[in-house]
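Subject: The structure we talked about

Hi there,

Here is the structure I promised to pass on.

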Amino acid sequence: QIEAAVSKFMSTTHVPGLSVAVVENAELEWAEGFGFADLENHVPATEYTLYRLASISKSLSATGAMELVEKGKLDLDVPVQTYCPAFPPKPGVITTRLVMGHLAGIRHYKSNSQDDPEIGNTKHFDDPIQAGLDFFKNDPLLSGPGKQYHYSTQGYTLVGCVMQGASGAKYTEYMRQNVLQPAGMEHTVVDDRFAIVPYRTRFYQKTESGTVENADFLDSSYKIPGGGWVSSVADMARFEIAILNGKLLKPTTRDLMWTPLKPSEGQPNGYALGWG
């Protein structure tokens, strides 16, 4: 049944390849790849193929942040500048809780204007948190803190900066030691466009007519906490198991992370702290 569903999905969407894992009763029961991770070289997709997590990176980052809360190193309700002085003060108090729930008023990507360096970004940054902050830190807020929901990948760069200040470690190193390794996610890494990364898929996009072609080059080093990790279905299954079994967070902390926030203006939307 799974293979039939995958076959139908691939034929209707022209997806070159995908991988599927099934977790049942907090155990990895089955995982397999379908199609190709590299069309030009006929490399098949497997359970180990690394795909971009995109905004699921936020769920990883939020888990790391909540571990700092458990350890008493991070207070979600003090100004973010307590841990990230590189982010300038704004009208109203911006807290880590508000940023994690997209209620801080921080913008997302700009529109597809030619003068936005984030569109089709090819720059590589050795200091990704600071470089990411520089993209948006001086921009005005879209609304006052706590008032409205504005989804923001940029905001999670600020979360990464907070995590660095609270932990005293680089964001990526903290994540590796405190989230990835304890969960057994041995293959989950930053999508470094210059590094040789075993099992990383090639990236594809689809034209309006449905033709599959090589994707535009993207260096995501400016947005790692919010969208810069690559992982496999096997690793993400292990992440799920670690979350369900309380291996990364206590159940009470996990439930807090999964509790949606309510903006003071506008409608609640079901988004919690890094998790929908």
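Below is what turned up, feature by feature.

Please keep in mind that this is a predicted model.

**The disulfide**

The partners are Cys 84 and Cys 161, with 2.1 Å between their sulfur atoms. The torsion about their S-S bond is about 95°, so this disulfide is right-handed. It joins distant parts of the chain: Cys 84 sits in the loop between α2 (57–70) and α3 (96–100), while Cys 161 belongs to helix α5 (residues 153–167), and 77 residues separate the two. Both cysteines, Cys 84 and Cys 161, are buried.

Next comes the inside of the protein. In soluble globular proteins, nonpolar side chains tend to be buried together. Here the largest nonpolar core has 51 residues, and the members that touch the most others are Phe 87, Met 100, Leu 158 and Phe 239. Six helices each supply at least two residues of this core: α2, α3, α4 (128–136), α5, α6 (171–183) and α8 (233–244). The largest share comes from α5, with seven residues.

Leaving aside residues up to four places away in sequence, Leu 158 touches Val 80, Cys 84, Phe 87, Val 99, Ile 106, Leu 133 and Phe 136. One name on that list, Cys 84, is the disulfide partner of Cys 161.

**Aromatic rings**

How many aromatic pairs are there? The count comes to 10. One of them is Trp 30 with Phe 34: the ring centres are 6.4 Å apart and the planes stand at 50°, so this pair is tilted. Trp 30 is partly exposed at 26% relative accessible area, whereas Phe 34, at 13%, counts as buried.

Phe 87 and Phe 136 make another pair, with ring centres 6.1 Å apart and planes at 45°, so they too are tilted. Phe 87 lies in the loop between α2 and α3 and Phe 136 in helix α4, so the pair ties together parts that are 49 residues apart in sequence. Phe 87 is buried, with a relative accessible area of 1%, and Phe 136 is buried as well, at 3%.

Phe 125, Phe 135 and Tyr 222 form one aromatic cluster. Arg 52 lies over the face of Phe 203, at 3.5 Å from the ring centre.

**Helix α8**

Is α8 mostly covered or mostly open? It is mostly covered, since nine of its 12 residues are buried under the 20% cut-off for relative accessible area. The buried ones are Val 233, Ala 234, Asp 235, Met 236, Ala 237, Phe 239, Ile 241, Ala 242 and Ile 243. What covers the buried residues of α8 includes the strands β1 (17–24), β2 (27–38) and β8 (229–231), along with the helices α2, α6 and α9 (251–257).

As for its length, α8 reaches 16 Å from its first C-alpha to its last, close to the 16 Å expected at 1.5 Å a residue. After the helix comes Gly 246, which has a positive phi, near 70°.

**Two buried residues in loops**

Lys 90 lies in the loop between α2 and α3. Is Lys 90 buried or exposed? Its relative accessible area is 17%, and buried means under 20%, so Lys 90 counts as buried. Apart from residues up to four places away in sequence, Lys 90 touches Lys 137, Asn 138, Asp 139 and Leu 141. Lys 90 and Tyr 109 are 19 residues apart in sequence, and their C-alpha atoms are 19 Å apart in space.

Ser 232 is found in the loop between β8 and α8. At 2% relative accessibility, Ser 232 counts as buried. Its contacts, again without residues up to four places away in sequence, are Glu 47, Tyr 48, Thr 49 and Leu 50. The C-alpha atoms of Ser 232 and Ser 220 are separated by 18 Å, with the two residues 12 apart along the chain.

How values were computed: Residues are numbered from 1 along each chain as its sequence is written. This is a predicted model: local features need pLDDT of at least 70, side-chain atom pairs count only at pLDDT 80 or more; totals for chains, interfaces and linings use all residues. Side-chain values use heavy atoms; hydrogens and water are left out. A disulfide is a pair of cysteine sulfur atoms within 2.5 Å. Helices (H or I, at least four residues) and strands (E, at least two) are DSSP runs, numbered from the N terminus. Buried means under 20% relative accessible area, exposed over 50%, partly exposed in between (1.4 Å probe, protein chains only). A nonpolar core is a set of buried Ala, Val, Leu, Ile, Met, Phe, Trp, Tyr and Cys residues joined through side-chain atoms within 4.5 Å. Contact means heavy atoms within 4.5 Å. Rings of Phe, Tyr and Trp (its six-membered ring) pair if their centres lie within 6.5 Å; planes under 30 degrees apart count as stacked, over 60 as edge-to-face and the rest as tilted. A charge sits over a ring if NZ of Lys or CZ of Arg is within 6 Å of the ring centre and within 35 degrees of the ring normal. The expected span of a helix is 1.5 Å times one less than its number of residues.
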